[in-house]
Amino acid sequence: MQARAHAVSQRSVELLNARVVVGAAIIRNGLLLAQQRSYPPDTAGRWELPGGRVEPGETDHDAVIRECREELGVTVVPDTRLAPDVPLRPDLLLRAYTAHLPEGTPTPTDHQAVRWIGPTELDTLDWLPADRVLLPALHPLLTPTPT
Ligand SMILES: Nc1nc2c([nH]c(=O)n2[C@H]2C[C@H](O)[C@@H](COP(=O)(O)OP(=O)(O)OP(=O)(O)O)O2)c(=O)[nH]1
């Protein structure tokens, strides 16, 4: 029991010191923008939210805006936290924010592709494992496209 308590508290300490990767859940017209990684080889082809590591001294919101400018060439407006943080490694957390895009067309700079995803496609993409944890929080934000 003591060993387990030690392991749990050790993990809490690690997570307190963890770096944050922000992910932007950009929603427009009831669709979510997903992007497909092109590197490294073990994750190439899998889907994720736009985003990346928060730099020292930077706020989460600033990091969302910077990463989306770098990766998509557009200026998003971050809104609220989407869900609890998802641990990626002992020293890294994924923190997702909802965001909106007042104008512009996202164009990938270093990803294979970007796609606007509706509610019926959401579960079918080959998401990175941490992003899969976010899918239940994303579903209520998406609306079916009228046929
Ligand atoms: N951006 C982003 N990264 C994610 C998501 N889910 C997930 O597991 N990751 C992982 C992949 C990477 O190991 C790490 C972030 O890497 P990154 O390549 O996007 O971030 P970065 O631009 O700051 O990193 P780098 O290229 O400078 O190494 O987080 C996600 O939804 N968005």
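The model is predicted: local features need pLDDT of at least 70, side-chain atom pairs count only at pLDDT 80 or more, and totals for chains, interfaces and linings use all residues. Residues are numbered from 1 along each chain as its sequence is written. The chain has 3 helices and 8 strands. Helices (H or I, at least four residues) and strands (E, at least two) are DSSP runs, numbered from the N terminus.

**Overall fold**

- Along the sequence, the order of elements is α-β-β-β-β-α-β-β-β-β-α.
- Of the 147 residues in the chain, 25% are buried. A residue is buried if 20 or more other C-beta atoms lie within 10 Å of its own, exposed if 12 or fewer, and partly exposed in between; C-beta atoms are placed from the backbone.
- Among contacts with a separation of 6 or more, 68% join residues 24 or more positions apart. Two residues are in contact if their C-beta atoms, placed from the backbone, lie within 7 Å.
- UniProt, in an unreviewed entry, places the feature "domain: Nudix hydrolase" at residues 17-139. UniProt positions are given in the numbering used here, feature names are shortened, and annotations may be inferred rather than shown by experiment.
- Over residues 17-139 the chain is 19% helix and 36% strand. The end C-alpha atoms of this stretch are 31 Å apart.

**Nonpolar core**

- The largest nonpolar core has 24 residues. Such a core is a set of buried Ala, Val, Leu, Ile, Met, Phe, Trp, Tyr and Cys residues joined through C-beta atoms within 7 Å.
- Val22, Ala24, Ala25, Val64, Val76, Tyr97 and Ala99 touch the most other members.
- Two or more core residues come from each of strand 1 (19-28), strand 2 (31-36), helix 2 (60-72), strand 7 (92-100) and helix 3 (129-138).
- In soluble globular proteins, nonpolar side chains tend to be buried together.
- Ala24 lies in strand 1. Ala24 counts as buried because 29 C-beta neighbours sit inside 10 Å.
- Leaving out residues up to four places away in sequence, Ala24 touches Leu49, Pro50, Gly51, Val64, Cys68, Val76, Pro78, Tyr97 and Ala99.
- On the same terms, the contacts of Ala25 include Leu32, Leu82, Tyr97 and Leu138.

**Helix 3**

- The buried residues of helix 3 are Ala130, Asp131, Leu134 and Leu138.
- Seen down the helix 3 axis, these buried residues fall within an arc of 90°, so they line one face. The arc is that of the directions from the helix axis to the C-beta atoms.
- Exposed Pro129 and Pro136 sit on the face turned away from the buried side.
- The cover over the buried residues includes strand 1, strand 2, strand 3 (47-48), strand 6 (86-89) and strand 7.

**Ligand shell**

- The ligand is surrounded by Val21, Gly23, Glu48, Leu49, Gly51, Gly52, Arg53, Leu88, Leu94, Leu128, Ala130 and Asp131. A residue is near a molecule if its C-beta atom, placed from the backbone, lies within 6 Å of it.
- Strand 1, strand 4 (51-53) and helix 3 each supply at least two shell residues. Strand 4 gives the largest share, 3 residues.
- By class, the shell has 6 nonpolar, 3 polar and 3 charged residues. Ala, Val, Leu, Ile, Met, Phe, Trp, Tyr, Cys and Pro count as nonpolar, Asp, Glu, Lys and Arg as charged, and the others, Gly among them, as polar.

**Backbone exceptions**

- Most residues other than glycine have a negative phi, and most peptide bonds are trans.
- The peptide bond from Tyr39 to Pro40 is cis, with omega near -15°. Pro40 lies in the loop between strand 2 and strand 3.
- Asn29 has a positive phi, near 50°. Asn29 belongs to the loop between strand 1 and strand 2. Asn29 is exposed, because 9 other C-beta atoms lie within 10 Å.

**Other exposed positions**

- Glu55 is in the loop between strand 4 and helix 2. Glu55 is exposed, with 11 other C-beta atoms within 10 Å.
- Arg89 is in strand 6. Arg89 counts as exposed, with 10 C-beta neighbours inside 10 Å.
- Arg89 and Arg19 are 70 residues apart along the chain, and their C-alpha atoms are separated by 9.7 Å.
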